[in-house]
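Here are my notes on the model you sent over.

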Amino acid sequence: MPVPSPTPLRVAVLADSDTRWKWGALTARRIAPESTVHGYLLWGRATPTERQLAEIGAEADVLHEVSATDFLADLGERAHEDSGKEPIDVLILACVGGTIQAMLHGLARAWRTADRRPVVVTGYVGVVYEKLPDGLLLRHGADLVLANSPFDARRFRAIYDGVRADSSSVTECALPFLDGRAYDPGPAQRGERPYRVVFAVQPSVPDSRKDRVYLLDRAVEHARRHPEREVVLKLRSKPSEHTTHIEELPYQRLAERAKEEQPPNFRLAYGNMGEVLDETDLLVTVSSTAALESLHRSIPTAVLSDLGVREALGNHYFIGSGCFASWDELDSGHLPEPDPEWLADQGVATSHERAFAVARGRLDALLEARAEKGLPPLAPYYTARTAPGYLPGVLGRHGLDAEGEPVAGPQAPAPQAGMRAASRRLLRRTARGAYRAGVQRVAPLIRRWGQL
């Protein structure tokens, strides 16, 4: 067991979107329950807004926005005892793969002379259905690479072993937000509230206007066919906000244009997914991770087959689940029956205490080694020797050279730093708003003009 500490563990979480912040912050609470959480939101196109953070409900003791170079400088200082800053015991990298790889190289440089570097943890925010080798190898080098299920753990180890990369970091656990009370059909059956069908939409799947209008129309038609039911279109974000994936055709804009044709038992909703699921009787989605949250609670769950079972939709991940259904089948009253073996292999319906026991044990062992002799330097699979044509571009996109050194170099503190920091934050918010407007409004117009 690790040496008892008079203070709680200090866990830092670096995240670059709303869903990754949710995964990182909740993972911190699962693997280090008594910790204090220092949140770092990486500035970029998908930095979560205050509304998104409030909706997620995953709080931090300290939370602020940073650039990649500012983050590396801060974590570098905290690993040196003479810096005057509180050290970080555990660092969770909850970012896209390229950012994680850049941070691993940048931190390896920043910690070359560190007294005690943190334990570094990373993983995936949801189901992994595309670009698995690419994303997984970009995460190699962390002390713990969390796999959200036995299925993922097998795949992760096979890929690392297949390229002669150390696979000992792969650690099985579960998605940290699989929680909430079990499904109780009683209130709907007794008429205490309407039977509720929730269609959990996704920002980027499907990506065409035609398919998104089709799915919206079918949800509205289901409400029209079943006036005794309540049909809820569960939205991820407002049009001015970004999530992990870019949404060029928000459902709420499509719905607004057909509002007069919608029955009174159809409505749009935002909010925390866990709270929405508390009163859901049927969850419908194309391929959202919300399906796993729903299945964990034993809520009837349908993965739509209307647009096919295809890699481009991500619903191929659910092959074997028993959950596929079309809107026609749902209209007629069909409820899919999930396969128990598939659920177990996906880490669904397992208690958090059991699911995270191995991860907590491995973290304890690493913290003990850190206290006794320190941890070895970070050693990602990608180096200037193994990937000389790939790695420099990954690092360069985050302002680092091939050695993980910030290209511009550290900046010395200047007078009126607080005022300048406030100005930078205002500039970042303005730039982020302009970028989102360009992606969601201007880019689709340009593409349509090009098709004329």
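**Notes on the predicted model**

1. Let's start with a helix pair. The axes of α5 and α6 come within 10 Å of each other and cross at roughly 75°. An angle from 65 to 115 degrees counts as roughly perpendicular, so that is how α5 sits against α6. Keep in mind that this is a predicted model.

2. Which residues make the contact between these two helices? From α5 you have Leu132, Pro133, Leu136, Leu137 and Arg139, and they meet Arg155, Phe156, Ile159 and Tyr160 in α6. Sorted by class, the contact of α5 with α6 comes to seven nonpolar, two charged and no polar residues.

3. Is α5 itself mostly covered or mostly open? Mostly covered: the helix spans residues 132–139, and six of its eight residues are buried. The buried ones are Leu132, Gly135, Leu136, Leu137, Leu138 and Arg139. Note that an arginine, Arg139, is on that list, and that Arg139 also takes part in the contact with α6.

4. What does the covering? For the buried residues of α5, the cover includes α4 (97–110), β5 (119–122), β6 (144–147) and α6 (150–162). Following α5 comes Gly141, which has a positive phi, near 120°.

5. Now for empty space inside the protein. Rolling a probe the size of a water molecule over the atoms shows where such space is left. Here there is one cavity of 30 Å³ or more, and the volume of the largest cavity is about 60 Å³.

6. The lining of that largest cavity draws on Gly126, Val127, Asn148, Ser149, Asp152, Ala174, Leu175, Leu178, Leu292, Tyr317, Gln346 and Gly347. By class, the lining splits into six nonpolar, five polar and one charged residue.

7. Have a look at Gly308 too, in the loop between β12 (301–304) and β13 (324–325). Buried means under 20% relative accessible area, so Gly308, at 23%, counts as partly exposed. Beyond its neighbours within four places in sequence, Gly308 is in contact with Leu313 and Asn315. Gly308 and Ser326 are 18 residues apart in sequence, with 9.6 Å between their C-alpha atoms.

8. Finally, the whole chain. The chain has 17 helices and 13 strands, and buried residues make up 53% of its 452 residues. Of the contacts with a separation of 6 or more, 74% are between residues 24 or more positions apart.

Methods. Residues are numbered from 1 along each chain as its sequence is written. This is a predicted model: local features need pLDDT of at least 70, side-chain atom pairs count only at pLDDT 80 or more; totals for chains, interfaces and linings use all residues. Side-chain values use heavy atoms; hydrogens and water are left out. On a 1 Å grid over the protein atoms alone, a cavity is a set of points where a 1.4 Å probe fits but cannot get out, and a pocket is an open set with protein on both sides within 12 Å along at least five of seven lines; lining residues have an atom within 4 Å of a point. Grid points are joined across faces, edges and corners, and a volume is the space filled by probe spheres set on the points. Ala, Val, Leu, Ile, Met, Phe, Trp, Tyr, Cys and Pro count as nonpolar, Asp, Glu, Lys and Arg as charged, and the others, Gly among them, as polar. Buried means under 20% relative accessible area, exposed over 50%, partly exposed in between (1.4 Å probe, protein chains only). Helices (H or I, at least four residues) and strands (E, at least two) are DSSP runs, numbered from the N terminus. Contact means heavy atoms within 4.5 Å. Axes are lines fitted to C-alpha atoms, for helices over the stretch in contact, and angles run from 0 to 180 degrees between N-to-C directions. Angles under 35 degrees count as roughly parallel, over 145 as roughly antiparallel, 65 to 115 as roughly perpendicular and the rest as oblique.
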